[in-house]
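Some remarks on the model follow, as numbered points. Please read them alongside the sequence and coordinates.

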Amino acid sequence: MSPLVESIEEIEAQRKEQRIIRNVRTMLKVHHRLRNEASDVRVSIKDNVVILRGSVATWEVKRMLVPAIRQAGVLWSVSNHVRANDDTSRGQK
């Protein structure tokens, strides 16, 4: 493969990643339950895996992140490293 073709493919891959990140961020902003809760969630991509980092108020909100991302049309693997500030909401009463 020529260097030009490799360069074009790399640019296309970067654009795809940027589109996915933008879609995830948009979904987190417009989701009825997450828009006020996920403002501290950072989104990145590494090795075709969507990576979430940051913190949210409750375990329930953390659990809602991946399904919301799926609603955005992201079918890649998702690694949820978000910290829930209230561990008691996991049913450990």
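1. This is a predicted model. Leaving aside residues up to four places away in sequence, lysine 62 is in contact with Val56, Asn80 and Val82. Lysine 62 belongs to helix H2. Its side chain comes to 2.9 Å from the backbone oxygen of valine 82.

2. Is lysine 62 buried or exposed? Lysine 62 has a relative accessible area of 16% and counts as buried, because the cut-off for buried is under 20%.

3. There is one salt bridge by the rule applied. The partners are the side chains of glutamate 60 and arginine 33, with an N to O distance of 3.4 Å. Glutamate 60 is in helix H2, whereas arginine 33 sits in the loop between H1 and S1, so the pair links parts 27 residues apart in sequence.

4. Both ends of that bridge can be checked for accessibility. Glutamate 60 is partly exposed at 32% relative accessible area. Arginine 33 is also partly exposed, with a value of 38%.

5. Helix H1 covers residues 3-30, which is 28 residues. At 1.5 Å a residue the helix should span 40 Å, and its end C-alpha atoms lie 41 Å apart, so the two values agree.

6. Which residues of H1 are buried? They are Ile20, Ile21, Val24, Met27 and Leu28. An α-helix has 3.6 residues a turn, so residues three or four places apart point the same way. The cover over the buried residues of H1 includes strand S1 (42-46), strand S2 (49-58) and helix H2 (59-71).

Notes:
Residues numbered from 1 in each chain as written. Predicted model: local features only at pLDDT ≥ 70, side-chain atom pairs only at ≥ 80, totals over all residues. Heavy atoms only, no water. Helix = DSSP H or I, 4+ residues; strand = E, 2+ residues; numbered from the N terminus. Expected span 1.5 Å × (residues − 1). Buried < 20%, exposed > 50% of the residue type's maximum accessible area, 1.4 Å probe, protein only. Contact = heavy atoms within 4.5 Å. Salt bridge = Lys/Arg side-chain N within 4 Å of Asp/Glu carboxyl O. Polar contact = N/O pair within 3.5 Å; in protein donor to acceptor, adjacent residues only side chain to side chain.
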